[in-house]
Amino acid sequence: MIDLKDVTKSYGKGRPAVNHVNLHVEQGEFVFVTGLSGSGKSTLIKLLLKELDSTGGSITVAGERLETMKHRRVSKYRRKLGVVFQDFRLLKDRNVYENVAFAQRVIGRPTRVIRKRVPEVLQEVGLAGKYKSLPDELSGGEQQRVALARAIVNRPDILLADEPTGNLDPKTSDEIMALLEQINGRGTTVLVVTHNKEIVNAMKKRVVTMHDGVIVSDEEKGEYHEA
Amino acid sequence: MRPSTIWYILKQGVKNIWRNWMFSAASVLTMAACIFLFGLFYLIVINVNFNTQKAQEKVPITVFFEPGTTQEEMDWVGEQIRARPDVETITFESADEGWEKFAKQYFPEGSAAADVFRDDNPLTGSDNYQVSVNDISLQYDLVRYIEELPHVREVKQAERAAEFLTNISNMVYYVSLIVIGVLLLISIFLISNTVSVGISVRSEEIAIMKYIGATDHFVRAPFVLEGIILGVVGASIPLVSLYYLYQEVVKWMMNNYSSFTGAVSFLSVEQAYKTFLPVGLLLGVGIGLLSSFFTTKKHLRV
């Protein structure tokens with residue numbers, strides 16, 4: 001599902017942010033990518049999102065070769081992914097329903113499908129009663145649930161989450177992780193970038209640890225390492 | 001593209017204007033101010049041009065014929081002249097008509113001179129064509145052409161007046177070209193800057209759309225539509241206000257400066273707007289469309 005071969009990303013003349021990384025993630029896997037700030041994990045997510053281009057190596061995601069992908073193809077590729085950010089990145093002037101529906105609109109789903117699918121997903125993330133609320137009227141946890149709903153509404157093959165619990169308290173973080181696990185249980189590949197030690201240790205999933213742009217450990221049912 | 005998607009884009013374009021009403025208002029006001037200034041100058045220029053043109057028409061070329069030229073031959077010469085694209089008007093005046101006009105002006109009916117020349121036209125042989133050109137700078141060429149035609153005895157022209165008007169006309173043309181060009185550049189710069197700032201504050205929103213998988217067209221379409229709407233509104237304000245202002249100013253000038261009447265004439269508002277309306281709208285819509293198109297492009301590389 002995700003295949004990185006000898007991937008390097010340099011921003012300038014200094015040390016590469018991602019340095020000769022090899023990583024393979026199977027379909028349906030749940031993987032944590034951990035590491036300290038500046039370890040290269042966020043760059044890794046940006047490479048997978050095709051927000052950045054690698055400076056070396058090859059990246060294949062859901063059958064798509066990213067290093068040769070043309071700009072006009074990127075939007076179609078991103079529809080195969082769901083993405084969740086630490087700062088939620090919701091459209092502030094649109095309500096919960098519209099934020100989730102937007103992901104369906106961009107892929108040209110007819111309105112009748114959107115009207116059926118969006119309430120289903122909001123129900124799934126526990127926000128059925130708040131579909132009219134604006135993002136600023138919601139708590140951090142609720143906003144992240146909206147972001148999750150938006151990420152999964154199109155049933156993506158892969159869900160990328162960049163520090164999804166970074167702005168949340170421990171209880172809400174657990175709830176979000178439970179939702180991610182639930183999504184993974186339905187066959188979606190989930191890749192979570194985090195430095196939340198408690199969550200990583202509690203969930204007993206595959207843990208990839210990065211340090212200075214290099215993968216220093218990759219363990220099944222691993223634990224958080226202070227690399 | 002699905003009808004629901006088109007409808008969504010249309011709705012978003014209109015909603016964007018309300019969501020960012022301060023930037024929308026700033027864009028519309030900047031556009032309105034620029035097009036107003038542009039329009040003001042444009043209306044002055046086309047009126048100056050109109051008057052120069054009118055003055056040119058008043059500088060006639062008079063074509064006289066050799067003695068013995070028949071009416072058919074004179075008609076033929078008239079046809080040759082009329083066929084020229086640089087000829088604005090051509091009127092024939094026979095010797096009898098010429099004398100009648102002269103006598104009416106200088107010899108009142110019943111005077112001795114009128115009686116003396118009643119049956120003896122002193123202007124015999126002065127049948128002529130009065131020709132006016134649509135561009136005074138072409139008068140010299142036309143005169144040369146007419147002089148070469150058969151049966152033509154003499155061609156009279158007001159060379160100095162033609163030269164003077166040619167100079168005025170050229171000066172107006174170049175000055176207006178420069179001023180309109182400069183105003184246009186300033187307008188484009190100011191308007192596109194305002195529209196750009198309005199879109200730049202929404203770069204985060206554009207980025208989110210792109211992360212979700214929106215195509216460039218899908219993201220851009222509401223912004224471009226917004227730019228077009230702002231362009232139409234921004235252009236309509238000066239177009240409407242100048243429409244009424246122009247009529248009032250013309251009326252006021254004609255009433256208060258009666259010496260103008262006859263010497264200077266103004267284009268009717270309908271005539272003036274025949275060109276100013278499409279130019280103003282095109283300016284507003286064009287700048288709104290292009291600036292939103294290119295500003296969005298900057299933020300689409302996510």
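Here are a few points on the cores, the cavities and the chain contact in this model.

1. A word on the basis: this is a predicted model, where local features need pLDDT of at least 70, side-chain atom pairs count only at pLDDT 80 or more, and totals for chains, interfaces and linings use all residues. Residues are numbered from 1 along each chain as its sequence is written, chains are lettered from A in the order in which they are written, and side-chain values use heavy atoms, without hydrogens and water.

2. Start with the largest nonpolar core, which has 54 residues. Such a core is a set of buried (under 20% relative accessible area, 1.4 Å probe, protein chains only) Ala, Val, Leu, Ile, Met, Phe, Trp, Tyr and Cys residues joined through side-chain atoms within 4.5 Å. A:Phe32, A:Leu148, A:Leu159 and A:Leu180 have the most contacts inside it. Apart from this core lies another, of 34 residues, including A:Val25 and A:Leu160.

3. Next, the cavities: on a 1 Å grid over the protein atoms alone, these are sets of points where a 1.4 Å probe fits but cannot get out. The largest cavity is lined by residues that include A:Arg78, A:Asn154 and B:Tyr211, lining residues being those with an atom within 4 Å of a point.

4. Finally, look at where the chains meet. The contact (heavy atoms within 4.5 Å) takes 23 residues from chain A and 21 residues from chain B. A:His71, A:Arg78 and A:Arg94 supply 27% of the area that chain A buries against chain B, buried area being the accessible area (1.4 Å probe) that two parts lose on being put together, summed over both.

Definitions and conventions
Buried < 20%, exposed > 50% of the residue type's maximum accessible area, 1.4 Å probe, protein only. 1 Å grid on protein atoms, 1.4 Å probe; cavity = no way out; pocket = protein on both sides within 12 Å on 5 of 7 lines; lining within 4 Å.
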